[in-house]
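Please keep the sequence and the structure open alongside the text.

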Amino acid sequence: MYIELALALVLGAVVAVLFLKKKKSVLKAKDDWWGEGSGPQGPEDDSIRPFKIDTTLEEIEDLHQRLDQTRTFPSLEESQFHYGFNSRYLEKVVSYWRNDFDWRKQVDKLHRYPHFKTKIDGIDIHYVHVKPKNLPEGTSAVPLMMVHGWPGSFYEFYGIIPLLTEPARPDDIAFEVICPSIPGYGFSEAPHKKGFDSVCAAHIFSKLMKRLCFNEFYVQGGDWGWLITTNMAQLEHNTVKGLHVNFAPPDKPSLPMVLSLLLGRRFPKLFGFTEHDVKRLFPCIQKLVVDGLKETGYMHIQSTKPDTVGRGLNDSPVGLAAYILEKFSTWTDPEFKNLEDGGLERKFSLDDLLTNVMIYWTSRSIMSSMRFYKENLAEGLNQPHAKIPVYVPAGVASFPNEVMHTPKLWLTKKYPNLKTYTPMERGGHFGAMEEPQLLAEDIQNFVKIVEKQTRE
């Protein structure tokens, strides 16, 4: 009798394990047509074409005319950047843009690396593709796709590309870097139909890597690039060897997250909180709610009625510059709001900042770039991909001045295979552009760990 009872218990346990064990959820994406009309009757042209940025003299003259005819309006006394972009400093930016900025010279800089276009799912996808020049004999480059966000562009990566493709130390990995423009951003064609979200972008970028004949590769991203590359890791867990991000907003609230907010200020070590974690999270109402609302007004506009303000920004270069560059101030360091010049030239040059603005202006992509917020946020935050963990190895570079701080504890549910979490020495939201050396070192460290474990 006892033997039969024991066998029954064991059998019951086995059945329970088999039926109750959760299968790993997998994100799925279907092929869609994002071009005009209903799509081609035959196969899509999959050719890869070299691309050159070309701006006509008429376009430059039109820009100068609009800059000359801008209407100024004074900022409030002692308002610095607290009300947005300071008008007095904006006049300096506009004057430099009109009289000193050399777009032709910057285009030559943009052409330092090869540009290409290829049509995927009905729209032209633009990307920069950089291969190492001096690979040691017997070694091969590691493919790495890097994805930007808003209001950035592929140009954010121009400082970090040589650090990754031509590393200084002999034991460092040499990367083959691919930097695409998100559809609707820069020189990638905008989708012509509603519904193009991060999963759709991830699906297209995965197709791009396959078209480039990469069977395995790493992905890296910040801002929207974080979500797109995260979705790529969810879609292509057999081909994405590792995911590295420098922006990782917290997942939906979990019990550990709630408990850490209730008790973490008093018992920080219990939750693995550092002094910086405590500084960024508490008092939580002020830091997570009030401060968050102050910096997300743009997001509410762009996730509801992007075309309204987008139409105005598409028509006014000064408005476009103010709207974009204000983010490069506040998102780099929140304390820059207290400076009349927004601290912009402390971290960036006007040439680099205006080059990013010109990518939006010459491609007329500001409105389509803003629509990406509506497509991703209009249906709420509880999308299928938000419920699915990322099983591939993951690494996070946590910059101290990032807009939204996420302690390590809050990431382990979404990224259960988290290999590295690095509190960065300095830097903010635009990590690749602001601190390319620090970010390159963290990417190197993460990939070395994954590669070593793969070999073992």
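The model is a predicted one, and the protein chain averages a pLDDT of 93, with 95% of the residues scoring at least 70. Over residues 1–21, however, pLDDT stays under 50, and for this stretch the model has 1 contact beyond four places in sequence.

**Backbone geometry**

- Most residues other than glycine have a negative phi, and most peptide bonds are trans.
- A cis peptide bond also runs from Phe282 to Pro283, with omega near -5 degrees, and Pro283 has its place in the loop between helix H9 (275–281) and helix H10 (284–294).
- Cys213, a residue other than glycine, has a positive phi near 70 degrees; Cys213 sits in the loop between H6 and S6 and is exposed, with a relative accessible area of 64%.
- Arg364, likewise a residue other than glycine, has a positive phi near 55 degrees; Arg364 is placed in the loop between H15 and H16 and counts as exposed at 63% relative accessibility.

**Ser365 and its surroundings**

- Ser365 is found in the loop between helix H15 (350–363) and helix H16 (366–377), and at 2% relative accessibility Ser365 counts as buried because this value is under the 20% cut-off.
- When residues up to four places away in sequence are left out, Ser365 touches Gly184, Tyr185, Gly186, Ile359 and Tyr360.
- Between Ser365 and Gln234 there are 131 residues in sequence and, from C-alpha to C-alpha, 28 Å in space.

**Aromatic pairs**

- A pair of aromatic rings is described by the distance of the centres and the angle of the planes.
- The structure holds 28 aromatic pairs, one of which is formed by Phe101 and Trp103, whose ring centres are 6.4 Å apart and whose planes stand at 25 degrees, so that this pair is stacked.
- Both partners of this pair are buried, Phe101 with a relative accessible area of 10% and Trp103 with one of 4%.
- The rings of Phe154 and Phe187 have their centres 6.2 Å apart and their planes at 50 degrees, so this pair is tilted.
- Phe154 belongs to the loop between S4 and helix H5 (161–165), whereas Phe187 belongs to the loop between strand S5 (175–180) and helix H6 (198–211), so the pair ties together parts that are 33 residues apart in sequence.
- Phe154 is buried, with a relative accessible area of 1%, and Phe187 is buried as well, with a relative accessible area of 11%.

**The second largest pocket**

- The second largest pocket has a volume of about 400 Å³, and of the 24 residues that line this pocket, Leu135, Thr139, Ser140, Ile173 and Ala174 lie nearest its centre.
- Strand S4 (142–147) and strand S6 (217–221) each supply at least two residues of the lining of this pocket.
- Sorted by class, the lining of the second largest pocket has 12 nonpolar, 5 polar and 7 charged residues.

**Cavities**

- The model has 2 cavities of 30 Å³ or more.
- The largest cavity holds about 120 Å³ of space and is lined by 17 residues, of which Glu156, Gly222, Asn246, His429 and Phe430 lie nearest its centre.
- S6 and helix H17 (431–434) each supply at least two residues of the lining of the largest cavity, which by class has 6 nonpolar, 9 polar and 2 charged residues.
- The second largest cavity has a volume of about 70 Å³, and the residues of its lining divide into 6 nonpolar, 4 polar and 1 charged.
- The lining of the second largest cavity consists of Asn246, Phe247, Ala248, Val396, Ala397, Ser398, Phe399, Glu402, Met404, His405 and Thr406.

Technical notes: Residues are numbered from 1 along each chain as its sequence is written. This is a predicted model: local features need pLDDT of at least 70, side-chain atom pairs count only at pLDDT 80 or more; totals for chains, interfaces and linings use all residues. Side-chain values use heavy atoms; hydrogens and water are left out. On a 1 Å grid over the protein atoms alone, a cavity is a set of points where a 1.4 Å probe fits but cannot get out, and a pocket is an open set with protein on both sides within 12 Å along at least five of seven lines; lining residues have an atom within 4 Å of a point. Grid points are joined across faces, edges and corners, and a volume is the space filled by probe spheres set on the points. Helices (H or I, at least four residues) and strands (E, at least two) are DSSP runs, numbered from the N terminus. Ala, Val, Leu, Ile, Met, Phe, Trp, Tyr, Cys and Pro count as nonpolar, Asp, Glu, Lys and Arg as charged, and the others, Gly among them, as polar. pLDDT is the predictor's confidence in each residue, from 0 to 100. Contact means heavy atoms within 4.5 Å. Rings of Phe, Tyr and Trp (its six-membered ring) pair if their centres lie within 6.5 Å; planes under 30 degrees apart count as stacked, over 60 as edge-to-face and the rest as tilted. Buried means under 20% relative accessible area, exposed over 50%, partly exposed in between (1.4 Å probe, protein chains only).
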